[in-house]
Amino acid sequence: MEETEADCRVFLIGDSLFTETLAQMLAEAESVQVVGTAVSTVLDKTAVIQTTPHVIIIADSGQQQEISTTLLTHFPGTPIINADLNRDYVQVITSRRVGTRRADLLTAIRALVE
């Protein structure tokens, strides 16, 4: 069987049973490939750079905010998903560069609500 590249490359951060379950679930999805993992307390930015993920998932409720801020600083074009087993939703964080003109800002705001 010929290997094909996944539609979505995911880097997973966390060190819980929830993280392991999430990794197994993603591994079973045809169009998703988990390209790397890290425990939340030791985020190796080099590993993220080398794996070039399309999305980063943080499955560690204790340090989501701190890790999200670090990731946004170093990987502004990569969407980040905060997944927490204790909540019934996920938070998607994305950083988009917007021009300094008024029209650019308005266009970005409209895109968020569409």
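1. A nonpolar core is a set of buried Ala, Val, Leu, Ile, Met, Phe, Trp, Tyr and Cys residues joined through side-chain atoms within 4.5 Å. In this predicted model, the largest such core has 12 residues. They are Phe11, Ile13, Ala38, Ala47, Val48, Ile56, Ile58, Ile67, Leu71, Phe75, Ile80 and Ile93. At least two residues of this core come from each of strand E1 (8-13), helix H2 (45-51), strand E3 (55-58) and helix H3 (64-74). Another core, of nine residues, lies apart from it, and includes Leu22, Leu26, Ile57 and Ala83. As a general point, nonpolar side chains in soluble globular proteins tend to be buried together.

2. The overall plan of the chain may be set out next. The protein chain has four helices and five strands. Read from the N terminus on, its elements run β-α-β-α-β-α-β-β-α. Of the 114 residues in the protein chain, 32% are buried. Among contacts with a separation of 6 or more, 60% are accounted for by residues 24 or more positions apart. The accessible surface of the protein chain comes to about 7,900 Å², and 51% of this belongs to carbon and sulfur atoms.

3. The strands form an open sheet of five, in the order E2-E1-E3-E4-E5, and the pairing is mixed. Strand E2 (32-38) and strand E5 (90-93) stand at the edges; each has a single partner strand, so one side of each is left without a neighbour in the sheet. From one strand to the next, the twist averages 25°.

4. How do the strands around E4 pair? E3 and E4 run parallel and are joined by three bridges, whereas E4 and E5 run antiparallel and are joined by four bridges. E4 and E5 form a hairpin, with six residues between them. Individual residues can be followed across these strands: Ile58 has Asn82 in E4 as its bridge partner, and Asn82 in turn stands opposite Gln91 in E5. Ile80 has Ile93 in E5 as its bridge partner, and both Ile80 and Ile93 belong to the 12-residue core.

5. Which residues of H3 are buried, and which are exposed? Gln64, Ile67, Ser68 and Leu71 are buried. Seen down the axis of H3, the buried residues fall within an arc of 100°, so they line one face of the helix. Gln65, Glu66 and Thr73, on the other side of H3, are exposed. The cover over the buried residues of H3 includes E1, E3, E4 and E5.

6. Leaving aside its neighbours within four places in sequence, Ile56 is in contact with Phe11, Ile13, Val48, Leu71, Thr78, Pro79, Ile80 and Ile81.

7. Thr78 lies in the loop between H3 and strand E4 (80-83). Is Thr78 buried or exposed? Its relative accessible area is 14%, and the cut-off for a buried residue is under 20%, so Thr78 counts as buried. Beyond its neighbours within four places in sequence, Thr78 is in contact with Pro53, His54, Val55, Ile56 and Ile93.

8. Leu22, one of the residues of the nine-residue core, has its place in helix H1. With a relative accessible area of 12%, Leu22 is buried. Apart from its neighbours within four places in sequence, Leu22 is in contact with Leu12, Ile57 and Ala59. Which distances separate Leu22 from Ala83, in sequence and in space? The two are 61 residues apart in sequence and 9.5 Å apart in space, C-alpha to C-alpha. Ala83, like Leu22, is among the residues of the nine-residue core.

Technical notes
Residues numbered from 1 in each chain as written. Predicted model: local features only at pLDDT ≥ 70, side-chain atom pairs only at ≥ 80, totals over all residues. Heavy atoms only, no water. Buried < 20%, exposed > 50% of the residue type's maximum accessible area, 1.4 Å probe, protein only. Contact = heavy atoms within 4.5 Å. Pairing = 2+ DSSP bridges. Axes fitted to C-alpha atoms, helices over the stretch in contact; angles between N-to-C directions. Arc of directions from axis to C-beta. Areas by Shrake-Rupley, 256 points an atom, 1.4 Å probe, with all protein chains shown as cover.
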